[in-house]
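Student: I have a new structure to read. Where should I begin?
Tutor: Open it up, and we will take one feature at a time.

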Amino acid sequence: MALYEELFADICAKNRVHLSFPDLDVDLETLTEQTCYQLLLEIQKVIQDDSLDDPECFIRIEKIVTLFERHGLSAGSRHDE
């Protein structure tokens, strides 16, 4: 659930939020799911990048960490700045 909450918070931070619930025209659940799917596609692209050799695995991990951070997600304490 924490991942969902982080994504939701990031989406809210990047977009103007209208709190008049009767007129809310954005389905936040769908928007969050679409963001998750896009993030997975980006991670898949990094993993499938054949230009990186196996010894360069850490480069893939750092690219994935960058993707998480771009979406406002935590990558764990080992990757905190």
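Tutor: Start with one cut-off: a residue is buried when its relative accessible area is under 20%. Keep in mind that this is a predicted model.

Student: Is Asp-10 buried or exposed?
Tutor: Asp-10 has a relative accessible area of 14%. That is under the 20% limit, so Asp-10 is buried. Asp-10 is found in helix α1.

Student: Which residues does Asp-10 touch, leaving aside those up to four places away in sequence?
Tutor: They are Arg-70, His-71 and Gly-72. Look at Gly-72 in particular. Asp-10 and Gly-72 are 62 residues apart along the chain, yet their C-alpha atoms are separated by 5.4 Å.

Student: How far can I trust the coordinates?
Tutor: Check the confidence values. Where pLDDT is low, the predicted coordinates should not be read in detail. Here the mean pLDDT of the protein is 77. A value of 70 or more is reached by 78% of the residues.

Student: Which element has the highest mean pLDDT, and which the lowest?
Tutor: Helix α1, residues 2–14, has the highest, at 87. The lowest among the elements belongs to α3, at 82.

Student: What is the overall layout?
Tutor: Count the elements, then read their order. The protein has three helices and zero strands. From the N terminus on, the order is α-α-α. Of the 81 residues, 20% count as buried.

Student: Which residues of α3 are buried?
Tutor: Arg-60, Ile-64, Val-65 and Leu-67 are the buried ones. Seen down the helix axis, they fall within an arc of 155°, so they line one face of α3. These buried residues pack against α2.

Student: Which residues form the largest nonpolar core?
Tutor: There are seven: Leu-7, Leu-39, Ile-43, Val-46, Ile-64, Leu-67 and Leu-73. Two elements, α2 (28–47) and α3 (57–70), each give two or more residues to this core. The largest share, three residues, comes from α2.

Student: What does Leu-73 contact, leaving aside its neighbours within four places in sequence?
Tutor: Leu-73 is in contact with Leu-3, Glu-6, Leu-7, Leu-39 and Phe-68. Of these, Leu-7 and Leu-39 are also listed in the core.

Student: Where does Glu-42 lie?
Tutor: Glu-42 lies in helix α2. Now apply the cut-off again. Its relative accessibility is 18%, so Glu-42 counts as buried.

Student: What does Glu-42 touch, not counting residues up to four places away in sequence?
Tutor: Glu-42 touches Leu-67, Arg-70 and His-71. With Arg-70 there is also a polar contact: the side chains of Glu-42 and Arg-70 are joined at 2.9 Å.

Terms used. Residues are numbered from 1 along each chain as its sequence is written. This is a predicted model: local features need pLDDT of at least 70, side-chain atom pairs count only at pLDDT 80 or more; totals for chains, interfaces and linings use all residues. Side-chain values use heavy atoms; hydrogens and water are left out. A nonpolar core is a set of buried Ala, Val, Leu, Ile, Met, Phe, Trp, Tyr and Cys residues joined through side-chain atoms within 4.5 Å. Buried means under 20% relative accessible area, exposed over 50%, partly exposed in between (1.4 Å probe, protein chains only). Helices (H or I, at least four residues) and strands (E, at least two) are DSSP runs, numbered from the N terminus. Contact means heavy atoms within 4.5 Å. pLDDT is the predictor's confidence in each residue, from 0 to 100. The arc is that of the directions from the helix axis to the C-beta atoms. A polar contact is a pair of N or O atoms within 3.5 Å; within protein, one must be able to donate a hydrogen and the other to accept it, and residues adjacent in sequence count only if both atoms are side-chain atoms.
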